[in-house]
Amino acid sequence: MARSPRFGLNTREAWWEDPPRGRHGGGPDKLRWPVLSIAFTLPFLIPVTKSVLGHGRPTPAVVALLVLVYAYAASYAFFPVVFDRDRPVRFAYCAGMLAMGLAVVAVVGASPFTLLYGTAAAVFLVPPAWVVFLDGGAVLLAAGIMLVAGRFGEDYGDLITVTSVTLAMFFMSSLVRAVRRLEQANEEIATLAVTNERQRVARDLHDLLGHSLTTITVKAGLARRVLESAGDIPRAVEEIREVESLTRSALSDVRATVSEYREVSLSAELVGARAALRAAEIDADLPHAVDNVRPEFQTTFGYVLREAVTNVLRHSGAKQVKVKLGVNWLEVEDDGTATDVVPGNGLRGLTERLAAVGGTVAASARPGGGLLVRAEIPLPEPRGAAPAVRAEAAGGLA
């Protein structure tokens, strides 16, 4: 069953999780927002200040009212600072702003439109579920205050406006959160892509350099032994030439692997395996052709053969290696000294390669010592046979 997208408000987590932060934090610019907030709050501050000061000489009560009004406006100015705080701080900030807004509506007698500063802050700072509770509760309390004060009839239009604007900002904030989640998802996808590419290069370089360097080491050792034992300079020179050729080929393959242009050929791997095993003085029983292997499987089996032969040269101590090929399988068997299987990077890399094409690879110890590596890829499902059509000679029946 497909998972529902997690970018909207269609899951429980989306209603209760904290707003996602952007790449460089969240919220408006901390330096420019206080300046912009002055333009937003002046339509509220000017009439309220005139209303408060119009009662005569300043008294402690008047001063307290002015402190409340300007504290409410100042809280809105410091709105971006709270974006980076923990949830309890943001929750307390929103609750405090809404409480001050309700106090301004109740005590000063300001328009309920004043409450919009607090509801707008809550929309962007707390999870959507808490927005519903806080802003919805504040609007209901404001309606109750207006009913008690006997001015609901004249100011209910402003309350409806506050509710509508808050609702619009609620959906706008949901869109912003969805965009941020998409940005985070894209960053995660990019990180996974980089990780997968690193794994691919590491796996290919392991398969390539492990085999090439092992073969070079074996041939260089053979050339040294020829010089030390028989002094056969022409043969030693021939082995050194092959080492040089292998080194150039390995360098070219490394460049191609990094560029993801390198293709492995099963037939070429058989030739290389025969040469490497002969240099290590290991009797090799290898197929002379790969025609019986399905073409789409040959590249994958080439990697398997390369890694298995490299393992034989490095660790097995074998005297004989036998390779068998089938339509959709490959087996590499040696008579070495191994009595159990110790998974390493090579076997893990082969498992990943085979899994990518729906195949499997297994390594098992032989009863008399040595290893048997078998790789197999399932054959594709046969297509439905076409219905038989009865044919008649041209011209029909006489």
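Colleague: Which residues make the nonpolar surface patch?

Modeller: This is a predicted model, in which local features need pLDDT of at least 70, side-chain atom pairs count only at pLDDT 80 or more, and totals for chains, interfaces and linings use all residues. Residues are numbered from 1 along each chain as its sequence is written, and side-chain values use heavy atoms, with hydrogens and water left out. The patch is made by L147, F152, Y156 and I160 and covers about 390 Å². Patches take residues with over 30% relative accessible area and no salt bridge, joining nonpolar side chains (Val, Leu, Ile, Met, Phe, Trp, Tyr) within 5 Å and like charges within 9 Å. Areas come from the Shrake-Rupley method with a 1.4 Å probe, and for residues only the protein chains shown count as cover. Helix α7 (residues 152-229) gives the most to this patch, with 3 residues; helices are DSSP runs of H or I of at least four residues, strands are E runs of at least two, and both are numbered from the N terminus.

Colleague: Why is Y156 called partly exposed?

Modeller: Buried means under 20% relative accessible area, exposed means over 50%, and partly exposed lies in between (1.4 Å probe, protein chains only). Y156, found in helix α7, has a relative accessible area of 43%, and is therefore partly exposed.

Colleague: What makes α10 roughly antiparallel to α11?

Modeller: The axes of helix α10 (residues 295-316) and helix α11 (residues 345-356) come within 10 Å and cross at roughly 170°. Because that angle is over 145 degrees, α10 counts as roughly antiparallel to α11; under 35 degrees is roughly parallel, 65 to 115 roughly perpendicular, and the rest oblique. Axes are lines fitted to C-alpha atoms, for helices over the stretch in contact, with angles from 0 to 180 degrees between N-to-C directions.

Colleague: Which residues meet between these two helices?

Modeller: T300, Y303, V304 and E307 in α10 meet G346, L350, R353 and L354 in α11, where contact means heavy atoms within 4.5 Å.

Colleague: How do you know that E331 and R374 form a salt bridge?

Modeller: A salt bridge requires a side-chain nitrogen of Lys or Arg within 4 Å of a carboxyl oxygen of Asp or Glu. The N to O distance for E331 and R374 is 2.6 Å, so the pair qualifies. The pair links distant parts of the chain, with E331 in strand β3 and R374 in strand β5 (residues 371-376), 43 residues apart. At 16% relative accessibility E331 counts as buried, whereas R374, at 28%, counts as partly exposed. Salt bridges that share partners join E331, R374 and E376 into one network.

Colleague: What is the N to O distance between E228 and R224, and where do they lie?

Modeller: Their side chains meet in a salt bridge at 3.0 Å. Both lie in helix α7, 4 residues apart, about one turn of the helix. E228 is exposed at 58%, while R224 is partly exposed at 42%.

Colleague: Is D334 buried or exposed, and why?

Modeller: D334 counts as buried because its relative accessibility is 6%, under the 20% limit. D334 lies in strand β3 (residues 329-334) and touches several residues beyond four places away in sequence, including V312, S316 and R366.
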